[in-house]
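Have a go at each task before reading its solution.

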Amino acid sequence: SSLDRSYEEMEKRLKIYVYEEGEAPLVHDGPCKDIYSSEGRFIHEMERESNRFRTSDPNEAHLFFMPFSVVSMVHYLYVPGTYDWKPIKDFVSDYVSSISIRHPFWNRTQGADHFMVSCHDWGPEVSKANTFLYNESIRVLCNANTSEGFIPRKDVSLPEIALYGGDVNPKVNPNRPHDDIPRSHLAFFAGGNHGPIRPLLLNHWKEKDSELRVMEYLDRGEDYYEYMLRSKFCLCPSGHEVASPRIVEAIYAECVPVILSDHYVLPFSDVLRWEAFSVSVSVSEIPRLKEILLGISEDEYRSLRIGTINVRRHFVLNSPVKRYDMFSMILHSMWLRRLNMRL
């Protein structure tokens, strides 16, 4: 496939230089547990000396990584309740200035071969600290919202993975064998009522239908992952921001994700055909949700479910890294953009 060809080419050639400037915990470190773990795990992986893509010679690099962590900056520099992003933006602005003064690489391309990674909701806002970072650099973001300045031809959508306690829940462990549990629910959602889309979903469907299990909070003793494993479709509405860890959890659970969002650029959509393993329903169609899902034939559903099994490996954070896993796919997305730039 074309993915295999460009992936193999990337494995042969891609080299990334990681800037050494900055001190942990704001730089070279990040969260490896919780909802923002993709950010920390990526930074830790790039920092590894043994990383096959990392080079200590910037002159042979295709890409330059600025390993600051927005999650860590929010933790250490932000005063809760103030909505004052200035200290964080100042840090990023100073970081970019210092690497551009000390090294020739940023100025050669105005930062177009440089990248930052952020899973925090504020990642896009923080990147405004430097005009070139915002407009030219590759921003690898969970909050991949085109209505808030995400540019698909240069930016990369980062999957959001919640690792509570640092691991995936064993019930939906992506390396477990394929299961044939009967799926008695048509669709499932449980989650907080926030953001623009969930109120529409909950107003329309909350506890209204025995096949479409839409709830705000589960009762004690009910298990979120058991519901996923017993549902054909898992509803994945955006919350405050476009990304949702439910999408990856649904794929792990072989529960076909139903994407309910506006302006969200799905991860790896330049190489993965999302229509082969998910269903997208526009927000205006939420009242027709049940009709739409019942309109999917048994054969189509089976094919979508097999699709979730086939793409699962691309959404797994492995340590050590494996070919075609999430870390490798993020690098591949950047590699494609770097080739398009042909600087």
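For residue classes, Ala, Val, Leu, Ile, Met, Phe, Trp, Tyr, Cys and Pro count as nonpolar, Asp, Glu, Lys and Arg as charged, and the others, Gly among them, as polar. The model is predicted: local features need pLDDT of at least 70, side-chain atom pairs count only at pLDDT 80 or more, and totals for chains, interfaces and linings use all residues. Numbering starts from 1 along each chain as its sequence is written, and side-chain values use heavy atoms, without hydrogens or water.

**Exercise 1.** Work out the order of the strands in the open sheet.

*Solution.* Strands here are DSSP runs (E, at least two residues; helices are H or I, at least four), numbered from the N terminus, and two of them pair if DSSP finds at least two bridges between them.
- Walk across the six strands and you get E2-E1-E3-E4-E5-E6, with parallel pairing.
- At the edges sit E2 (54–55) and E6 (156–157), each pairing on one side only.
- Zoom in on E5 (residues 138–141): two bridges join E5 to E6 in the parallel sense, and Val140 is opposite Val156 of E6.

**Exercise 2.** Find out which residue classes line the largest pocket, and why the pocket lies between the two domains.

*Solution.* 
- Count by class: the lining has seven nonpolar, six polar and six charged residues.
- Look at the helices: H9 (224–229) and H10 (245–252) each supply at least two lining residues, and H10 gives the largest share, three.
- Now the domains (bounds from an automatic or database assignment): domain 1 (2–164 + 321–340) and domain 2 (170–315) both contribute to the lining, so the pocket lies between them.
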